[in-house]
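Hi,

Here is the model I promised to pass on. Please have a look at it first, and then read my notes below.

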Amino acid sequence: MIAGHSALEFLLTLVLLFGVTTIVRWVIGPSSISDRVPQIHLQLLIVGVAVGLLIAALILSPPGRMTGGHMNPAISFATWRFGVFPGVSVVPYIVAQLIGSALGVLLAGAAWGPAAQEPPTAYAVLQPGAGWTAAELFFAEAASMGLIVYLVGYFLQTPRLAPLVPWLVGVLIGGAIAVLGTTTGGSVNPARQFGPAVVSGKLPFLWVYLLAPMVGALVAAFILDRVGRHRAVLTHRLCGTQESGAPLHEPPDENRLP
């Protein structure tokens, strides 16, 4: 089960990073789209919408429903901290996600050639804006991921909200890209930056992009546990269903009188 689900997470993350690199290549790299839409903020909005839809589709795909559709080490880590994801699966998932990230970027580079390999696409690698320090980048990435994890956890506590999580994640990630693209890059996913940074060789800030979302996820899981002590996160599956695909139900209240 662990090996099979980890293999599917590898595949999902590979498709995600192939898709992200492809989107960046056609929207920001040299293309008819970038010629017609030269403004960087509008380009980032288009990228954000496209990536958000891709993420939601992957979460709702059959492999995404099976594995939970994490594609993000910080999500796997957070759902473990929420108590709904087995600790023994965390490392295999993360390793699979990082390897899938690198291979997805390599395949996109092979598919699109110099247009994907060279600037401005450069394998879709992210860099902080001019003048940003590592500390500022760390805080922004941690806070962004913390907000996402908190909201995802809150929605997964409530059966009627849980099915909305794929779209919530898509909107939040897409919004991060559109709003933070010119400052932090809007990664909020260690796997999003790992493959592009390793393949392109742009490594100076990689440690921040890897570590900050994990810290943000840890803090958000702690806060949600403190704020909502009477409520439990019901699943690690971002599709918001039980393993069988059935809707989630509130757990029985042991303190409720018969």
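Tyr154 has a relative accessible area of 39%, so this residue counts as partly exposed. Please keep in mind that the model is a predicted one. The ring of Tyr154 pairs with that of Phe155 in an edge-to-face arrangement, with 6.3 Å between the centres and 65° between the planes. Phe155, at 17% relative accessibility, is buried.

Phe77 is buried, at 17% relative accessible area, while Trp80 is partly exposed, at 33%.

Now to the helix packing. Helix α1 (residues 2-27) packs against helix α3 (residues 40-60) at an angle of about 160°, and their axes are 10 Å apart. Angles over 145 degrees count as roughly antiparallel, so that is how α1 runs relative to α3. Their crossing is right-handed.

Which residues of α1 and α3 meet? On the α1 side they are Leu12, Val15, Leu16, Gly19, Val20, Ile23, Val24 and Val27. Their counterparts in α3 are Gln43, Ile46, Val47, Ala50, Val51, Leu54, Ile55 and Leu58. By class, this contact has 14 nonpolar and 2 polar residues, with no charged ones.

Best wishes

Conventions: Residues are numbered from 1 along each chain as its sequence is written. This is a predicted model: local features need pLDDT of at least 70, side-chain atom pairs count only at pLDDT 80 or more; totals for chains, interfaces and linings use all residues. Side-chain values use heavy atoms; hydrogens and water are left out. Axes are lines fitted to C-alpha atoms, for helices over the stretch in contact, and angles run from 0 to 180 degrees between N-to-C directions. Helices (H or I, at least four residues) and strands (E, at least two) are DSSP runs, numbered from the N terminus. Angles under 35 degrees count as roughly parallel, over 145 as roughly antiparallel, 65 to 115 as roughly perpendicular and the rest as oblique. A crossing is left-handed if the near helix is turned anticlockwise from the far one by less than a right angle, and right-handed if clockwise. Contact means heavy atoms within 4.5 Å. Ala, Val, Leu, Ile, Met, Phe, Trp, Tyr, Cys and Pro count as nonpolar, Asp, Glu, Lys and Arg as charged, and the others, Gly among them, as polar. Buried means under 20% relative accessible area, exposed over 50%, partly exposed in between (1.4 Å probe, protein chains only). Rings of Phe, Tyr and Trp (its six-membered ring) pair if their centres lie within 6.5 Å; planes under 30 degrees apart count as stacked, over 60 as edge-to-face and the rest as tilted.
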